[in-house]
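The sequence and coordinates come next.

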Amino acid sequence: MTNGHGADGDRDRDSDRSGNGDSDGSGNGDSAAAREAVRVDRVMDGLRAFGANYTEFTRRFATWLGLHSTDAAALVEILYAEDQGTPLSPARLSERVSLSSGATAILLKRLEQAGHIVRTRESADRRVVTLRSSPGIRPRAIAFFGPYSERMAEAMAAYSPQEIQQFENFLGTLRTTMDALLAHEYEGGGPTPPTP
């Protein structure tokens, strides 16, 4: 389900291309609405496929390190936040990996015991805990994700700065939309089911 045009998001793409699946009933298969729906589906399918591939990278990172996939996902979040100059607290990590505070505490204990992270108190408020990667894990993460970073940089180099900016704006809009959906329509786990 990508944009609501079909149960699986495909929305009769083959029939749209053949001219038999037009949405305006004209029979010419060339309606602007049908073409736009197919384009939106293709974009959403591409984003979904990229997300699935990234999840697979994280799964393989977990296997490579001998970690549970959730632990590896949390470690990736900690590393990424450090790279961005905004290290995470346990509460922020809990939000990022969609775990309760108790489950996050157990996860962090496992990562700490494995020597992958350290907890520091860098804030003026000594109650605030900051999560940092350990010196030993960063070289391993760089070794694992190095080919990924290089290939992504090569792929994006084919596009102009203006095109990349447009794509960045587009992704920002999608993220804002998703954040709003999660905060409102899906706040309680999902929209209100229709009455029978």
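The protein exposes about 13,100 Å², and carbon and sulfur atoms supply 56% of that area. The model is a predicted one. Of its 196 residues, 26% count as buried.

The secondary structure consists of seven helices and two strands. Read from the N terminus, the order of elements is α-α-α-α-α-β-β-α-α. Among contacts with a separation of 6 or more, 48% are between residues 24 or more positions apart.

The largest nonpolar core holds 25 residues, and Phe61, Leu75, Ile78, Leu93, Leu108 and Leu111 have the most contacts inside it. At least two residues of this core come from each of helix H2 (32-65), helix H3 (69-83), helix H4 (90-97), helix H5 (101-113) and helix H6 (137-156). H3 gives the most, with seven residues.

The next feature is the largest pocket, which contains about 2,300 Å³ of space. Its lining is made up of 45 residues, and Phe50, Tyr54, Tyr80, Tyr148 and Leu171 lie nearest the pocket centre. By class, the lining has 25 nonpolar, nine polar and 11 charged residues. H2, H3, H4, H6 and helix H7 (161-183) each supply at least two of the lining residues. H7 provides the largest share of the lining, 12 residues.

Terms used:
Residues are numbered from 1 along each chain as its sequence is written. This is a predicted model: local features need pLDDT of at least 70, side-chain atom pairs count only at pLDDT 80 or more; totals for chains, interfaces and linings use all residues. Side-chain values use heavy atoms; hydrogens and water are left out. A nonpolar core is a set of buried Ala, Val, Leu, Ile, Met, Phe, Trp, Tyr and Cys residues joined through side-chain atoms within 4.5 Å. Buried means under 20% relative accessible area, exposed over 50%, partly exposed in between (1.4 Å probe, protein chains only). Helices (H or I, at least four residues) and strands (E, at least two) are DSSP runs, numbered from the N terminus. Contact means heavy atoms within 4.5 Å. Accessible areas come from the Shrake-Rupley method with a 1.4 Å probe; for residues, only the protein chains shown count as cover. On a 1 Å grid over the protein atoms alone, a cavity is a set of points where a 1.4 Å probe fits but cannot get out, and a pocket is an open set with protein on both sides within 12 Å along at least five of seven lines; lining residues have an atom within 4 Å of a point. Grid points are joined across faces, edges and corners, and a volume is the space filled by probe spheres set on the points. Ala, Val, Leu, Ile, Met, Phe, Trp, Tyr, Cys and Pro count as nonpolar, Asp, Glu, Lys and Arg as charged, and the others, Gly among them, as polar.
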